[in-house]
Amino acid sequence: MRHNKKKGMKLGTDASHTKAMKRSLVCALFTNDRIKTIDVRAKAIRSDVDKVITWAKKGDIHSRRLAIAKLNDKEVVREVFEKAAQGMWADRNGGYTRIMKLGPRKGDAAEMVLMELVTEPVTPKAKKTTVIKVEAAPVVEEAAEAPAAEENAAE
């Protein structure tokens, strides 16, 4: 039975510590725009960061209250909502974070990553143009035979 089990990764700790750690990492990411952490933790907070930015793009009071409940820091929420109001992620529909692998940590060989907020504008992909191959029709050489026929008629 799955009584009192929550979805998501535990990250090697109990549920309350995991929740506090994720909250702290998300606040650090919004404060510094870039954090260095292990790969599993970065992947675990990716969805939380996307939710907060989506709420910030919405910009209403309910979204602000949801973000404050998620992060427990009104100043960080205010900064994120100001960035969103200025149009930082206006043209982007998701994918607000970038994870770059740095290699294993020296002590325990945990995979270290650099996680940062994406601030560049979206460049749309060029649409593919399909090239239709048309086979050439066989060339008829009637024009070359016609002068020969005229010469034969003239003789």
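Let's begin at T18, which touches M9, K10, L11 and T13, leaving aside residues up to four places away in sequence; contact means heavy atoms within 4.5 Å. This is a predicted model, where local features need pLDDT of at least 70, side-chain atom pairs count only at pLDDT 80 or more, and totals for chains, interfaces and linings use all residues. Residues are numbered from 1 along each chain as its sequence is written, and side-chain values use heavy atoms, with hydrogens and water left out.

T18 lies in helix 1; helices (H or I, at least four residues) and strands (E, at least two) are DSSP runs, numbered from the N terminus. T18 counts as buried because its relative accessibility is 5%. Buried means under 20% relative accessible area, exposed over 50%, and partly exposed in between (1.4 Å probe, protein chains only). The buried residues of helix 1 also include M21, L25 and F30, and among the elements covering the buried residues of this helix are helix 2 (39-58) and strand 2 (97-104).

The side chains of D33 and K83 meet in a salt bridge (3.1 Å, N to O), a term for a side-chain nitrogen of Lys or Arg within 4 Å of a carboxyl oxygen of Asp or Glu. This pair links distant parts of the chain, with K83 in helix 4 and D33 in the loop between helix 1 and strand 1, 50 residues apart.

Another salt bridge joins the side chains of R34 and E116 (2.7 Å, N to O). R34 sits in strand 1 and E116 in strand 3, 82 residues apart. E116 is buried at 8% relative accessible area, whereas R34 is partly exposed at 45%.
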